[in-house]
Amino acid sequence: MNKRNEYIKQWRRNNPDKIKKYRRRYIKKYPWKRNWKYLLARCSTKGSYTLKGIENKLTMKELKSLWDRDKALRMIQPTLARKDHTKDYYYDNCYFTTFKKHTLEKKNCFKWQNKYTDCLKCKEPIVVYGSRGMCRKCYWKAYYRREFKR
Ligand SMILES: [Zn+2]
């Protein structure tokens, strides 16, 4: 550990309020970065989308242009969504919508998806969708066994 890193670490420990303030200021300036962070988390090695085989092929620049195109700044809780939920995140498959609308769309989509999606755990076709690519039964089993972070 060099001196500079040590100094930064120390500063962070001593100034939690400042960090919060700066973070808030940063998100206000670049609000789409929040969605970028969520996207990376979903598609990271431990993310739920990786299990389903969904990849992120979107760049940060593309996300920003989607943000501008769909005027996400005026939305309440802007959320990045895909037109086709079986396909990856790429420019032509993505759009911004509000969180509320997206939840409704997702519900309809999963009903339709159930016809051909198999549960990751029991490999049976999903009749009722739980989450994380599992049927409801396996999802709750995994939930109570704490197999994933809640
Ligand atoms: Zn299952």
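## Phe96, a buried residue

Phe96 counts as buried because 21 other C-beta atoms lie within 10 Å. The cut-off for buried is 20 or more other C-beta atoms within 10 Å of a residue's own, with 12 or fewer making it exposed, anything in between partly exposed, and C-beta atoms placed from the backbone. This is a predicted model, where local features need pLDDT of at least 70 and side-chain atom pairs count only at pLDDT 80 or more, while totals for chains, interfaces and linings use all residues. Residues are numbered from 1 along each chain as its sequence is written.

Phe96 sits in strand 2. Leaving out residues up to four places away in sequence, Phe96 touches Leu66, Trp67, Asp70, Ala72, Met75, Pro78, Thr79 and Leu80 (contact means C-beta atoms, placed from the backbone, within 7 Å).

## The cores

Phe96 is also part of the largest nonpolar core, which has 10 residues, including Trp32, Leu63, Trp67 and Tyr89. A nonpolar core here is a set of buried Ala, Val, Leu, Ile, Met, Phe, Trp, Tyr and Cys residues joined through C-beta atoms within 7 Å.

## The whole chain

Overall, you've got 7 helices and 2 strands, taken as DSSP runs numbered from the N terminus (helices are H or I, at least four residues; strands are E, at least two). In sequence order, the pattern is α-α-α-α-α-β-β-α-α. Of the chain's 150 residues, 12% count as buried.

Key
Contact = placed C-beta atoms within 7 Å.
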